[in-house]
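Here are a few exercises to work through with the model open beside you. Try each task before you read its solution.

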Amino acid sequence: MPEVRVLGGLRARMGGAQIEVPARGVRQLLERLIEGGGPGLAAVFYAEPDGGPDTLHEDLRVLVNGRSIVFLDGVDTPLSESDTVTLHLAGARGYPGG
Amino acid sequence: MSFHGWTGVVLRVNLTGGKIQRETLNEDWARDFVGGRGVAARILVDEVDPNVDALSPENTLIFATGPLTGTNASCGARYMVVTKGPLTGAMTTSNSGGRWGPEFKFAGYDVLVLEGRSEKPVYLWIFDDRVELRSAEHLWGLGVFETEDTIKRDTGISDCSVAAIGQAGENRVLYAAIVNDKFRAAGRSGVGAVMGSKNLKAIAVRGTGGVSIARPREMMEAQWRMKAKLTEAPLTSEGLPAYGTLALMNVINEHGALPTRNFKEAQFEKAEDISGEELAATRLATNKACFACTIACGRVSRISEEGVGRYAMHTSPRNWRHATEGPEFENAWSLGADCGIGDLDAILKANHICNDLGMDPISLGATIAAAMEFYEDGVLTDDQVGMSLRFGDAAAMLALCEQTAFRRGFGDELAEGSKRMGEKFGRPDVFMGVKGQEFPAYDPRAIQGMGLGYATSNRGACHLRAYTVSAEVVGIPEPMDPRATEGKAELTKAFQDVSTAVDASGLCLFLTFGITVGDIAPILSAATGVDTSEDDLVKAGERIWNLERVWNMKAGIDASEDKLPRRMLEDGIPAGPAAGQVSRLGEMLPEYYRVRGWTPDGRPSQEKLEELGIG
Amino acid sequence: MSGPTAALQIHPDKCTGCRQCELACSWVQVGRFQPSKSVIRVHIFDEQASFAPYACFQCSEAWCMQACPVNAIDVDENTGAKIVIDDACVGCKLCVIACPFGTIFFDKQSEKAAKCDLCAGEPACVSACPTQAIEYKPVDPGAWLTGFGNQVDQFYRKAVEGKS
């Protein structure tokens, strides 16, 4: 089962630092986490609470094996049994041109 | 120009003869170089031969505030120390917060220029118009904390602010810091050693004056807009207040970019034990702000009950049960992961000692890590070090922190930094840094932009000169692939110019996690009355960057020093997410020179210098 | 002597020691950023990990007012704040001596007493505080002061015992 490591303020919202979630891809993983963690998580993960994984919140960072899914297949990145997923919030709006 | 924002006064103290003068700040310089890092660099260029010995009386030590220091613009607490650095031989620019900068401004000055060398230890006492050199013979040999307490007692002015050196500065440890308000430091490149070489123990200041503003209504509106943005951005409203910079420990480790055991590895198995999350859960008393800061990333921490009795120290503090501050991410990394140490109490104690004895924890921890590599490779013996020195040995790390400040035993070697130590023992390859200064906490093999930023930084390896981690790891303003080299030249230049501009304004770099230079420009314009656009401000940053570069080249630090250690270029990261990666500096550097408008051999072209008005 | 209709309520546990309140207050007093002119001050206790803003909480006893020999301290009808009438103040400092809380100040330049007047009902320090450590609300100073005292006491005990 893919292991999910949760960093920073998300830990309190998700009830732990390490969670194991059966999922074959990032999309399914996020959906299962929301099912397990209550509707509050949808607002953290998604820009539009009803928008689903296709509208990821701009502050959410998702890594698969230490690599941002932005440089993989986004929410369609597949997950295998031995994969590690890291979730954290890192939103900040500033720096050149931001 | 009548001065608003700026006070318009430069205080010049010649320590050799004791002469104290007030001069008018050069208006053109204020306009073109803004303040802080910029104005100080301009003064240094005008007055100091790039080839002087950094620790000689011919070097000049400059403290400079920016036009927004002491205003209510969020994070307007900063001052910059600029001098020729003994660790690097380059122009060094060390920034600090706390309340010293605003207090100095309230006393009526923008810049303090310190020349020469006092015959005997002295400290500088500034109470508004009253400025005098006082004997510091009773303070010499004391740590930063006791120095501050003693000055406050002697003067009876308990609300003065003190910037002091500890024993490390007195003993000219090449990375000695200047520490103000006990826990805030102009930390890197050995500015404290320069102060020590001048026999100047401290600068204590109390200011009861104020900072006037050219266009008040505009100022208030612009800074309210800025504060609102800081409140909206998650990093400045939640992340930094909750976890401080230490929030990065787990993030960087997850990316496989956390240098471990002197950069032999890039992931630390005990990162969680020394993370911001762990500190917040077990040892954080509260968060603390520098003057006027609405973010408050400072950590006020307590050592754990078990940790209080562990690792007996010869020096301070009086009571480990009192609250201390820190650690910042960089310090927890250098004294922790880089030495293979996963004990937060040991890190807190080492960090406290660095504040009290006045040393840069990054260079100190990294130099101890290099010595640990020596020891494990059999280059050093127990007899030479005076103890065993394996990676992960917290007791040895703490003992060496103390020894270094006093240059006792093996500490005398560590006090020279890892470049000189490596050369002395015939293993220059253990030096992990650039231009004589040790790397901070990001592996340039895993984050390509950081490699270019380190290599081209004017003050030696530094994360604060071009924090491309922001784009490459945190995804701000746009995510950029940390493993790619494309676009990193432009990114690095942009970050360098912007960071330099912020450093010149008197504001804190962390603001840029929530706002842009475009938000700072109107505040600066309203405060000073000099209309400054976003482009003007970035241009000023570029101007200062080039000025520093040209001065460095005259000091013999040219493009041949824009390099990384062999380990970063040839030895792939052994394991983790970035396994196999090396820094591809060679792909980025020519492009960087081109983007900068420099010649292919890394010299600012005459056209570029003329365009910037410094030809 | 009438009690206040509202007063500053301070929560030291929320304070980060940034002193934005002092900057805002000085702006109101003198139109510059000059903390020495502020009539709210933040005391920072480093080793105790405690930051304590303090300002006049408009106590109903108003010892400053009672001590003033020239009736230069009056009550603002709208806010209940005790205010210094500059034209009447002769700068004798008796009020400064009388105040048991140290929250009325003597200004050397003007040679007058200076104290919090609640900015006529819109205290600048309250809106400047980034952590809501200062609130302005209808309150009986005697009542909230008990809670404040308890809080300070707790902070002190924590510090002495060295526990977080």
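Predicted model: local features only at pLDDT ≥ 70, side-chain atom pairs only at ≥ 80, totals over all residues.

**Exercise 1. Chain A, from end to end**

- Start with the tally: chain A has three helices and five strands.
- For the overall dimensions, the C-alpha trace of chain A spans about 40 × 30 × 25 Å along its principal axes.
- Next, hold chain A against the globule rule: a compact globule of 98 residues would have a radius of gyration near 13 Å, and chain A agrees, with 13 Å.
- Burial comes next, and 37% of the 98 residues of chain A count as buried.
- Finally, take the contacts in chain A with a separation of 6 or more: residues 24 or more positions apart account for 43% of them.

**Exercise 2. Chain C, the same way**

Work out how many helices and strands chain C has, and their order.

Solution. 
- Counting gives five helices and eight strands in chain C.
- Read from the N terminus on, they run β-α-β-β-α-β-β-α-β-β-α-β-α.
- Of the 164 residues in chain C, 41% are buried.
- Look at contacts in chain C between residues at least 6 apart in sequence, and 62% of them join residues at least 24 apart.

**Exercise 3. Who touches whom?**

Find which pair of chains has the most contacts, then take apart the side of chain B that touches chain C.

Solution. 
- Two pairs of chains touch, and the most contacts are between chains A and B.
- Chains A and C don't touch, and their nearest C-alpha atoms sit 18 Å apart.
- Between chains B and C, 26 residues of chain B are in contact with 22 residues of chain C.
- On the chain B side, the largest share is four residues from strand β13 (residues 284–288) of chain B.
- Sort that side of chain B by class and you get eleven nonpolar, eleven polar and four charged residues.

**Exercise 4. Two helix pairs in chain B**

Decide how α13(B) is oriented to α16(B), and α22(B) to α23(B).

Solution. Take the pairs one at a time.
- Helix α13 (residues 344–357) of chain B packs on helix α16 (residues 394–406) of chain B at an angle of about 0°, and their axes are 10 Å apart.
- Angles under 35 degrees count as roughly parallel, so α13(B) and α16(B) are roughly parallel to each other.
- Among the residues that meet are Ile353(B) and Leu357(B) in α13(B), and Met397(B) and Leu398(B) in α16(B).
- The residues of this contact of α13(B) with α16(B) are ten nonpolar, no polar and two charged.
- In the other pair, helix α22 (residues 517–528) of chain B and helix α23 (residues 534–554) of chain B pack at about 100°, with axes 8 Å apart.
- That makes α22(B) roughly perpendicular to α23(B).
- The residues in contact include Ile520(B) and Leu524(B) of α22(B), and Leu537(B) and Val538(B) of α23(B).
- By class, the contact of α22(B) with α23(B) has six nonpolar, one polar and one charged residues.

**Exercise 5. Into the core**

Which residues have the most contacts inside the largest nonpolar core?

Solution. 
- This core has 276 residues, and those with the most contacts inside it are Ile62(B), Val111(B), Tyr123(B), Cys293(B) and Met397(B).
- Helix α14 (residues 361–376) of chain B gives the most to the core, with ten residues.
- Now zoom in on Ile62(B): leaving aside neighbours within four places in sequence, its contacts include Ala40(B), Leu44(B), Val82(B) and Val111(B).

How values were computed: Residues numbered from 1 in each chain as written. Chains lettered and ligands numbered in written order. Contact = placed C-beta atoms within 7 Å. Nonpolar A, V, L, I, M, F, W, Y, C, P; charged D, E, K, R; others polar. Axes fitted to C-alpha atoms, helices over the stretch in contact; angles between N-to-C directions. Parallel < 35°, antiparallel > 145°, perpendicular 65-115°, else oblique. Core = buried A, V, L, I, M, F, W, Y, C linked by C-beta atoms within 7 Å. Buried ≥ 20, exposed ≤ 12 C-beta atoms within 10 Å, placed from the backbone. Rg over C-alpha atoms; globule rule 2.2 N^0.38 Å.
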